[in-house]
Amino acid sequence: MKNGSARVGAGMAMVSMLCVQLGLAVAVTLIDRIGIEGAAWLRLAWAGVLLLVLVRPHPAAFSRATFTACVLLGVVTAAVTLLFMAAVARIPLGTASALEFLGPLGVAVATGRGHRRYVWPALAAAGVVLLTEPWVGAVDPVGVLFALAAAACWAGYILLTRRVGDAVAGINGLAVSMAVAGIVATIVVGPAVLSRVTPELLLIGLGLAVLLPVVPFTLELLALRRLTTAAFGTLMSLEPAFALLVGLAVLHQVPGPAAALGICLVVTAGIGATRGGARTPEPVPVEVGR
């Protein structure tokens with residue numbers, strides 16, 4: 001039963017990663033028109049509006065502590081999105097991805113148990129390095145700092161998502177956190193990009209927000225109710241592999257031998273982490289009627 005729950009959680013995490021990569025592929029088409037930060041802002045702002053309208057979180061679903069956790073999750077969600085975009089504007093995507101993966105890798109090692117806490121994350125880390133080839137291209141120290149800051153925020157995102165998912169019924173917590181993320185992104189980026197927004201861009205952003213981040217963030221919250229944070233953090237190593245496969249299918253970019261080996265390593269690590277990564281079922285709060 002526990003292994004079945006872990007497999008369901010892993011399936012959710014993988015669908016989430018696929019949606020993220022497809023969403024990023026679509027978002028590339030907006031960069032020339034609204035900029036990297038503008039594309040991120042458009043997704044976050046629409047996601048916050050959509051979830052508030054669809055979920056309509058009830059105040060009774062929150063205590064002061066859980067509401068504070070939701071707000072913090074929203075701030076971290078906006079930060080990891082904007083910081084990573086700032087990083088890839090300055091350093092190669094492979095380098096940024098490898099550095100950002102230090103966040104979930106750190107969570108996997110810190111929250112794991114026994115000797116296996118190092119085995120699967122280490123295997124995943126080796127696979128990510130082969131996939132992203134961070135040694136390719138020049139390195140901008142400011143871009144590296146942005147990527148490392150994004151890694152820290154990603155670690156916080158995983159831990160806070162688990163806490164919110166355990167403490168708040170349904171996806172009420174996600175609705176609040178995404179609304180906060182949209183507000184933070186609007187404050188930080190909005191003034192610089194609002195003049196470039198057109199009705200067409202708003203419609204594209206609405207559709208994109210469903211693909212990224214509404215669907216993947218919802219699936220990640222549900223997955224973390226079934227997986228340990230160590231297993232989830234290791235599974236995140238599959239994201240660069242999904243990026244490579246999407247590039248192969250959509251852009252016909254054929255992976256080299258190192259990338260192919262990297263895929264094998266992260267898939268093996270993901271399977272190993274999932275097999276021992278089921279959580280002991282915990283009572284889930286009862287959904288508040290509306």
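Reply: Leaving aside residues up to four places away in sequence, T229 touches V107, T111, I158, L159, R162 and L224, where contact means heavy atoms within 4.5 Å. The model is a predicted one, in which local features need pLDDT of at least 70 and side-chain atom pairs count only at pLDDT 80 or more, while totals for chains, interfaces and linings use all residues. Residues are numbered from 1 along each chain as its sequence is written, and side-chain values use heavy atoms, with hydrogens and water left out.

T229 belongs to helix 10; helices here are DSSP runs (H or I, at least four residues; strands are E, at least two), numbered from the N terminus. Because its relative accessibility is 5%, T229 counts as buried. Buried stands for under 20% relative accessible area, exposed for over 50%, and partly exposed for what lies in between, with a 1.4 Å probe and protein chains only.

One of the residues that T229 touches is V107, and V107 is among the buried residues of helix 5. Helix 5 covers residues 102-111, and its buried residues are G103, P104, L105, V107 and A108. What lies over these buried residues? The cover includes helix 4 (93-100), helix 6 (116-132), helix 7 (141-167) and helix 10 (229-235).

With a relative accessible area of 1%, V168 is buried. Its C-alpha is 9.0 Å from that of S63, although 105 residues separate V168 and S63 in sequence.

Most residues other than glycine have a negative phi, and most peptide bonds are trans. R56, in the loop between helix 2 (36-55) and helix 3 (64-88), has a positive phi, near 50°. R56 counts as exposed because its relative accessibility is 54%. The peptide bond from L212 to P213 is cis, with omega near 25°, and P213 is in helix 9 (residues 199-223).

Next come the cysteines. The structure holds 0 disulfides, a disulfide being a pair of cysteine sulfur atoms within 2.5 Å. C70 is in none, and the nearest cysteine sulfur, that of C153, lies 17 Å away. C70 has 0% relative accessibility and so counts as buried, whereas C264, at 47%, counts as partly exposed.

Now for the whole fold. The chain has 12 helices and 0 strands. Its radius of gyration is 18 Å, close to the 19 Å from the globule rule for 290 residues, so the chain is as compact as a globular protein of that length. That radius is taken over C-alpha atoms, and the rule is 2.2 Å times the number of residues to the power 0.38. The C-alpha trace spans about 50 × 50 × 35 Å along its principal axes. Of the 290 residues, 51% are buried, like T229 with its 5% relative accessibility.
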